[in-house]
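Dear colleague,

My notes on what was found follow below.

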Amino acid sequence: MSDYQRMWEKVLELVKQSTDPMVFSAFFSSVEPVNFADGLFSIRTNNALTAEYVKKNLGSFIEENLSKEAGSPVTLKVIVNGEPEEEIVSDSVSEDRENKTKVLRAQEPPKLNRAYVFSNFIIGPSNQYAHAAAYDVANNPGTSYNPLFIYGGSGLGKTHLLHAIGNAIYERDNSKRILYITCENFCSDFQASLSYKNNVHSFREKYRSNYDAILIDDVQHLSLVNRTQDEFFQLFEYLFANNCQIVMTCDKSPRELKNISDRLITRFEWGLVTDIQPPDFETRQAIIKKKCQDRGFAIEDDVCSFLAGKIQNHVREIEGVLTRLRIYASVQNQPISIKLAKECMKEYVSNQNISLDVIKRAVAAYFDISISDLTSHRRPKNIAKPRQLAMFLCRSMTNSSLNEIAASFGGKDHTTVLYACKKIEETKNGDDELSFQIDALKKYIMKNCREESDR
Ligand code: ADP
Ligand code: MG
């Protein structure tokens, strides 16, 4: 086996561990490494769908790991058998190239998800006010409503709107400075800065460096630690005084936020507070149609209505279901029909239906320990490891925040959950037993949830 084949084997193993088994076998059985020269790693497949999927969803992951293996930056090239050898480089690389060719932009482009823009956000009665406010703010940053506070349930498009605002401001004027940050990252950034004396200073500099807009996602995760809230408050005052547009998203309205100081809540309500509700049936249909169109395929109206009827609250899950449906169609070599959609939906378990309790019960049963062992503070190895694993699964299989998970494990600190997740993430790749356990537990949990929702 040559060096590049060995490199590929290693990276493929990482891909396998982080991908749904069905997706993995559907897409990677036909992929083979072809060559590695001058920083360009070529792989070949006989299927255009595979090439597109790998490029879009795994391109940067594969490049990152190939680069680690090679010890220098690697670009991935996907060749489709029978098609002209046109280079399909992963999004991250093409973005990079695009950026390099844009002549001397004023500064680094903001780190935003370019796929989240206003033009692909479907407007319906459930989100029209939030959309209108976001659009207005994007056109008049710092002057319309400041702050803009968008709240609503998970998967309803808050993050999409936040990025859309940033993208629109930057598109119109690329000298504008925009920062997108999750509140969780803000808090851990601040807490980390406290551990080194002088870092608080650079922390402040970082957030106060003349931004035109700061987009803060999921402020419900604002740390309960007073000092973090004080810092956030002061940052808010500073930004506001400097006409920086502040946009926040949250899973509840300011009034419903618990453990957040009154002065912050008052600030949150200073500008405009607007909500997003779950989309109605017609809007769900329109979103499904648009997502299919963006991915270059069409589905019949009956399939679209069937899916819109099944996926009710979580727009986010529409994307997963559509990917799955395409894989089913490709593996079974069939058109996307209502029959196929029904088969595909049998496997569907909404993330919303997976509770922290179901996960704890499954892990406790699997390791033959009690749930109170999992939530206790005891640390013998036979308990500590399942506890870490349970926290990791809670984080990856539900939409719960670090704080919510920490609270459900006997009121631990959110940093304990963060540590557990990192630890499992780091060790699972080289530890066959652990990755087997994760796989087995995920399947078991999904099965339990399906049975519960069928009842
Ligand atoms: P939230 O931040 O509210 O949890 P996201 O913004 O992450 O939700 O949205 C989840 C997914 O659903 C994203 O892929 C987003 O593009 C999509 N989505 C949500 N609402 C809409 C909409 N109205 N139109 C198009 N896509 C949407
Ligand atoms: Mg979000």
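**Notes on the model**

Glycine 309 counts as partly exposed, at 31% relative accessibility. Please keep in mind throughout that this is a predicted model, and that the values below were computed from it.

Glycine 309 is found in helix 12, and the helix, which runs over residues 301-310, has Val303, Cys304, Phe306, Leu307 and Ala308 among its residues as buried ones. What covers these buried residues? The cover for the buried residues of helix 12 includes helix 11 (281-294), helix 13 (315-331) and helix 14 (338-346). If you leave aside the neighbours within four places in sequence, glycine 309 is in contact with Phe281 and Arg284, and the C-alpha atoms of glycine 309 and arginine 284, although 25 residues apart along the chain, are separated by 8.5 Å. As a reminder for reading any such helix, an α-helix has 3.6 residues a turn, so residues three or four places apart point the same way.

The domain assignment gives domain 1 (3-91), domain 2 (118-276), domain 3 (281-352) and domain 4 (356-454). The centres of domain 1 and domain 2, taken over C-alpha atoms, are separated by 37 Å.

The next place to look is the ligand. Which domains each give at least three residues to the shell around ligand 1? They are domain 2 (118-276) and domain 3 (281-352). There are 18 residues around ligand 1, and of these Ile122, Gly155, Lys158, Thr159 and His160 come nearest. Sorted by class, the shell around ligand 1 holds six nonpolar, eight polar and four charged residues.

A polar side-chain atom of lysine 158 lies 2.8 Å from an oxygen atom of ligand 1, while an N or O atom in the side chain of glutamate 319 is 3.0 Å from an oxygen atom of ligand 1. For asparagine 127, a polar side-chain atom lies 3.4 Å from a nitrogen atom of ligand 1. On its own, ligand 1 has 560 Å² of accessible area, and the protein covers 96% of this. The elements that give two or more residues to the shell around ligand 1 are helix 6 (158-172), helix 11 and helix 13.

Helix 11 also holds threonine 283. Is threonine 283 buried or exposed? Threonine 283 counts as buried because its relative accessibility is 5%, where buried means under 20%. Not counting residues up to four places away in sequence, threonine 283 touches Ile122, Gly124 and Pro125.

With the neighbours within four places in sequence left aside, isoleucine 359 is in contact with Ile354, Ala390, Leu393, Cys394, Met397, Thr398 and Ile445. The C-alpha atoms of isoleucine 359 and lysine 442 are separated by 8.8 Å, and these two residues are 83 residues apart along the chain.

Methionine 446 lies in helix 20 (residues 432-454) and is partly exposed, with a relative accessible area of 28%. The C-alpha atoms of methionine 446 and alanine 132, which are 314 residues apart along the chain, are separated by 38 Å.

Finally, some details of the backbone deserve a careful look. Asparagine 146 and proline 147 are joined by a cis peptide bond, with omega about 0°, and proline 147 lies in the loop between helix 5 (128-139) and strand 4 (148-152). Asparagine 210 is not a glycine and yet has a positive phi of about 55°; asparagine 210 has its place in the loop between helix 8 (199-207) and strand 6 (213-217), and at 60% relative accessibility counts as exposed. Asparagine 259, also not a glycine, has a positive phi of about 60°. The loop that holds asparagine 259 runs between strand 7 (245-250) and helix 10 (262-268), and asparagine 259 counts as exposed, at 57% relative accessibility.

Methods:
Residues are numbered from 1 along each chain as its sequence is written. Chains are lettered from A and ligands numbered from 1 in the order in which they are written. This is a predicted model: local features need pLDDT of at least 70, side-chain atom pairs count only at pLDDT 80 or more; totals for chains, interfaces and linings use all residues. Side-chain values use heavy atoms; hydrogens and water are left out. Buried means under 20% relative accessible area, exposed over 50%, partly exposed in between (1.4 Å probe, protein chains only). Helices (H or I, at least four residues) and strands (E, at least two) are DSSP runs, numbered from the N terminus. Contact means heavy atoms within 4.5 Å. A residue is near a molecule or strand if one of its heavy atoms lies within 4 Å of it. A polar contact is a pair of N or O atoms within 3.5 Å; within protein, one must be able to donate a hydrogen and the other to accept it, and residues adjacent in sequence count only if both atoms are side-chain atoms. Accessible areas come from the Shrake-Rupley method with a 1.4 Å probe; for residues, only the protein chains shown count as cover. Ala, Val, Leu, Ile, Met, Phe, Trp, Tyr, Cys and Pro count as nonpolar, Asp, Glu, Lys and Arg as charged, and the others, Gly among them, as polar. Domain bounds come from an automatic or database domain assignment.
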